[in-house]
Amino acid sequence: MRERQQLVFGASGYIGSHLVPYLADLGRPVRAAARRLRAIEGKGWEGVELMRADALDPASLEPALAGVDVAYYLVHSMAAGRNFGELDIEAARNFANAAETAGVRQIVYLGGLVPEDARSEHIVSRRETGDVLRHGSVPVIELRAGIIVGPGSAAFEVMRDLVFHLPMMITPRWVRAKSPPIALSNLLLYLAQIVDHQEAQGRIFDAAGPEVLTYQEMMNQLAAVADRRPPPVIPVPVLSPKLSSYWLRFVTSVPTNIARALIEGLRHDFTANTAPLEALVPQHLLGFRDSVEAAFQAEREHAVRSRWVEGAFPLRQQRLDYGYYAQQTGDSAESTAPPEAVWKVVASIGGKNRYYYLNILWLLREIMDWMVGGPGLNHRRRDPVDVVVGDRIDSWEVLGVDPGRRLTLAFGMKAPGAGILEFNVEARGDGGTKLTAAAYWHPAGFWGILYWYAMAPAHGVLFRGLTRRICELAEGLGEEHEGKVPPDKR
């Protein structure tokens with residue numbers, strides 16, 4: 001009889017994207033579900049079943065939960081901005097009902113530590129989500145964790161950006177609030193093994209490391225591991241966590257809504273009773289400094305990527321100080337031309353063909369780069385049509401090619417950060433094509449973020465026009481092939 005699967009629901013999130021390969025490496029049959037299938041298709045998870053599912057779309061839950069024995073629920077809506085608490089409750093209720101219908105044996109929910117006087121919507125929502133899941137008939141194991149130390153953890157990335165990018169910090173007293181951080185590796189082991197203990201069903205466990213530290217102490221240790229001088233901290237009693245959260249968009253790459261929700265919850269001291277969980281799942285718990293060293297080492301060992309994936313170290317030019325999370329923009333267009341015609345135009349970009357739309361903007365940026373010693377005016381291609389990994393297209397480097405489908409380019413001009421431009425060509429059912437162009441920018445601190453916002457108006461116009469122009473040119477190729485191009489366009 002086929003072993004029932006373990007579902008990681010919310011597989012595109014921080015914990016989910018690490019838990020899926022962790023469980024797969026243990027030999028467990030894993031199904032990964034995310035609201036956007038594209039967000040997990042580029043992960044390279046071998047032997048993992050991928051599926052689109054959204055807890056706010058009940059109809060999508062039935063196929064995701066079919067045949068599932070254990071379901072890891074790792075969903076939260078902080079990135080949605082306002083009313084994320086209400087969305088979390090609705091999502092949990094839908095999931096609990098669907099899990100009951102599907103005959104799921106166990107739900108494992110990862111929440112957060114909850115102080116008795118908690119008022120932050122972020123913290124309260126995590127607690128209420130667990131309560132709603134428990135209202136269903138499927139037993140729930142809830143693990144409550146504090147700050148998770150690992151590449152991509154929102155709280156860790158905020159601290160990393162503050163350490164690397166600020167010469168000094170004027171902060172409220174929340175920098176002296178205490179919390180027991182836990183290493184990502186320790187948390188993953190807890191999540192994987194807790195399901196093997198029948199006595200854990202229906203219980204709530206605190207998951208934390210061996211130390212209780214203030215945020216200032218954590219940032220000081222992080223700076224020491226990174227061989228940087230920690231920024232001086234000047235506490236200002238009148239500056240509340242809510243007020244201080246408003247400037248985060250200028251100093252951290254962490255999505256603003258998530259960063260603000262986290263900061264507003266830092267008015268509390270967090271404590272954890274870890275003895276019950278340690279008794280069931282004994283392991284060596286890393287201290288904060290060792291956890292940071294493990295996080296940096298995990299990044300350095302990150303495999304080379306042939307397409308953009310959030311946080312991929314090689315796509316951040318292997319720089320620990322470049323933002324883990326990317327600023328993103330782009331646009332899409334549809335064409336009656338077949339995919340092979342659209343791909344031909346995409347693959348011919350640069351060199352003598354230039355960039356098809358508003359070339360004057362490209363030229364101005366290239367001249368600016370040339371003036372500071374960059375390669376901006378190197379207009380060249382190895383071949384006018386063919387592209388292979390490692391090619392130089394003007395100042396770009398070809399990082400990945402999936403012929404007929406995807407082209408991934410690394411930005412080569414001088415700038416405070418690392419950029420990726422990616423084209424995706426998708427066939428439509430009617431023989432036409434959808435083309436998407438997306439830009440991803442991993443900023444280097446304040447100047448990297450300022451650079452991105454300064455370029456935003458041009459990006460908005462550029463990508464809309466670029467995708468449409470490529471589609472028009474592809475349609476022209478089709479007409480020329482059929483002999484329908486008017487003489488003045490030949």
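This is a predicted model: local features need pLDDT of at least 70, side-chain atom pairs count only at pLDDT 80 or more; totals for chains, interfaces and linings use all residues.
A pocket is an open set of grid points, on a 1 Å grid over the protein atoms alone, with protein on both sides within 12 Å along at least five of seven lines. Rolling a probe the size of a water molecule over the atoms shows where empty space is left.

The second largest pocket holds about 410 Å³ of space. Its lining is made up of 22 residues, and those closest to the centre are Trp-362, Phe-411, Tyr-451, Met-455 and His-459. Which elements give two or more residues to this lining? They are helix 14 (359–371), strand 18 (417–427), strand 19 and helix 15 (445–481). Helix 15 supplies the largest share, eight residues.

Ring pairs join Tyr-355, Trp-362, Trp-396, Phe-411, Trp-441 and Tyr-451 into a cluster. Among its members, Trp-362, Phe-411 and Tyr-451 are also listed as closest to the centre of the second largest pocket.

Across the whole structure, a search finds 13 aromatic pairs. One of them is formed by Tyr-73 and Phe-95, with 4.7 Å from centre to centre and 50° between the planes, a tilted arrangement. Tyr-73 belongs to strand 4 (residues 68–73) and Phe-95 to helix 4 (residues 84–102), so this pair ties together parts that are 22 residues apart in sequence. Both Tyr-73 and Phe-95 are buried. Another tilted pair consists of Phe-156 and Phe-296, whose ring centres are 6.3 Å apart and whose planes are at 55°. Here Phe-156 is in helix 6 (residues 154–165) and Phe-296 in helix 12 (residues 288–300), so the parts tied together are 140 residues apart in sequence. Phe-156 and Phe-296 are buried as well.

Strand 19, one of the elements lining the pocket, covers residues 433–443 and contains His-442. Is His-442 buried or exposed? Its relative accessible area is 0%; buried means under 20%, so His-442 counts as buried. The side chain of His-442 makes a polar contact of 3.2 Å with the side chain of Trp-308. The His-442 side chain also reaches the backbone oxygen of Tyr-324, at 3.2 Å. Leaving aside neighbours within four places in sequence, the residues in contact with His-442 include Glu-310, Leu-315, Arg-316, Tyr-322, Ala-326 and Gly-417.

An α-helix has 3.6 residues a turn, so residues three or four places apart point the same way. In helix 1 the buried residues are Tyr-14, Ile-15, Gly-16, Ser-17, Leu-19, Val-20 and Leu-23. What covers these buried residues includes strand 1 (5–9), strand 2 (30–34), strand 4, strand 5 (106–112), strand 7 (148–149) and helix 7 (184–194). Just after helix 1, Gly-27 has a positive phi of about 85°.

The last stop is Glu-62, which is placed in helix 3 (residues 61–65). With 62% relative accessibility, Glu-62 counts as exposed.

Note on methods: Residues are numbered from 1 along each chain as its sequence is written. Side-chain values use heavy atoms; hydrogens and water are left out. Rings of Phe, Tyr and Trp (its six-membered ring) pair if their centres lie within 6.5 Å; planes under 30 degrees apart count as stacked, over 60 as edge-to-face and the rest as tilted. Helices (H or I, at least four residues) and strands (E, at least two) are DSSP runs, numbered from the N terminus. Buried means under 20% relative accessible area, exposed over 50%, partly exposed in between (1.4 Å probe, protein chains only). Contact means heavy atoms within 4.5 Å. A polar contact is a pair of N or O atoms within 3.5 Å; within protein, one must be able to donate a hydrogen and the other to accept it, and residues adjacent in sequence count only if both atoms are side-chain atoms. On a 1 Å grid over the protein atoms alone, a cavity is a set of points where a 1.4 Å probe fits but cannot get out, and a pocket is an open set with protein on both sides within 12 Å along at least five of seven lines; lining residues have an atom within 4 Å of a point. Grid points are joined across faces, edges and corners, and a volume is the space filled by probe spheres set on the points.
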